[in-house]
Amino acid sequence: GIYINPTAATGINFKIDGTVEGSKVVFGNKVYGIYVTAGSDDQQSANVTLEGGCYEFGNNVQLGVDCFPRAGKLVIKNVTMTSSYPYSGSPLVYYWGGKPENENYGCELENVNITTEGSGCLQIGDAKGFWTSASDHTGIYIASKALVKNCSFENKKYSRENSDGKYSWMASALMAAVNSTIDVESGSFKGSTASAYVFSSGGTINLKEGTYTGDFKADADRSTYNTAESNIYYSSSCDITGVTNKTEQNEHCKIGQKSF
């Protein structure tokens, strides 16, 4: 895999240019494909851009693009990604949480096609989205923002590895956590568990246009995350004929139509 660990005080910019016709990157046997970590200083972050080309992640690669807390900006554009990892235990593209002063989109995907066998497609936010201490991982929650434009995401199936199971909620196309926001401008999104899922730590998914196949699901666990509110909003321009169920776990969840 590719391991990006910025140590310079000003951070780094890393780009894979796949705009040459026929460009392909294949990841085979490692747990991670592209792994972006960060140092203890807030300034030690990496901005990562993947533009053009095809990325193939083999059946041992659990995380295709994994941006750890304190990440810089992640931009993926004009890219095709496929994953043959058979189990639903992790997302293919995982943006944990950007730097706390980043109020704009920390993650942007445009013209990105993702197809996975078992993995989820895109998750924004994690329970420890920002570490106050890199040594003990003591965390405070921060919210991340993602913009998704003209993309196609498909999770083919939910599959667990053994009787202990993996996580059914990971077999989803769009996933938000820790009060993070995903704004979807357009595209096609299909998940065997859900096309859009906001986890129990809260968040918002705004669906402005696009076609959705698979449930809408929103959970909120106020006993663990005392400010959790989970929302999925869709406009009248969305095609949701493939959405069988809209499941709100409790009164802190809202799934409904909205004008943008």
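Student: Why is the charged end of Lys 145 said to sit over the ring of Tyr 105?

Tutor: In this predicted model, the charged end of Lys 145 is 5.1 Å from the centre of the Tyr 105 ring, and the distance has to be within 6 Å, with a position within 35 degrees of the ring normal as well. The charged end of Lys 258 sits over the ring of Tyr 233 in this sense too, 4.7 Å from its centre.

Student: What makes the aromatic pair of Tyr 3 and Tyr 35 stacked?

Tutor: The structure holds 10 aromatic pairs. For Tyr 3 and Tyr 35 the centres are 5.4 Å apart and the planes are at 25 degrees; because centres within 6.5 Å make a pair and planes under 30 degrees apart count as stacked, this pair is stacked. Tyr 3 belongs to strand 1 (residues 2-4) and Tyr 35 to strand 4 (residues 32-36), so the pair ties together parts that are 32 residues apart in sequence.

Student: How do you know whether Tyr 3 is buried or exposed, and what about Tyr 35?

Tutor: Tyr 3 has a relative accessible area of 53%, and since exposed means over 50%, Tyr 3 is exposed. Tyr 35 has 16%, and because buried means under 20%, Tyr 35 counts as buried.

Student: Why is the pair of Phe 153 and Phe 189 given the name it has?

Tutor: The ring centres of Phe 153 and Phe 189 lie 5.2 Å apart, and their planes are at 85 degrees; planes over 60 degrees apart count as edge-to-face, so the pair is edge-to-face. Phe 153 lies in strand 15 (residues 151-155) and Phe 189 in strand 18 (residues 187-198), so the pair ties together parts that are 36 residues apart in sequence.

Student: Which residues touch the most other members of the largest nonpolar core?

Tutor: That core has 54 residues, and those touching the most other members include Phe 153, Tyr 212 and Phe 216. Leaving aside residues up to four places away in sequence, Tyr 212 touches Leu 174, Phe 189 and Leu 207, among others. There is also a second, separate core of seven residues, among them Met 170 and Tyr 197.

Student: How many helices and strands does the protein have?

Tutor: The protein has zero helices and 24 strands, and buried residues make up 52% of its 260 residues.

Key. Residues are numbered from 1 along each chain as its sequence is written. This is a predicted model: local features need pLDDT of at least 70, side-chain atom pairs count only at pLDDT 80 or more; totals for chains, interfaces and linings use all residues. Side-chain values use heavy atoms; hydrogens and water are left out. Rings of Phe, Tyr and Trp (its six-membered ring) pair if their centres lie within 6.5 Å; planes under 30 degrees apart count as stacked, over 60 as edge-to-face and the rest as tilted. Helices (H or I, at least four residues) and strands (E, at least two) are DSSP runs, numbered from the N terminus. Buried means under 20% relative accessible area, exposed over 50%, partly exposed in between (1.4 Å probe, protein chains only). A nonpolar core is a set of buried Ala, Val, Leu, Ile, Met, Phe, Trp, Tyr and Cys residues joined through side-chain atoms within 4.5 Å. Contact means heavy atoms within 4.5 Å.
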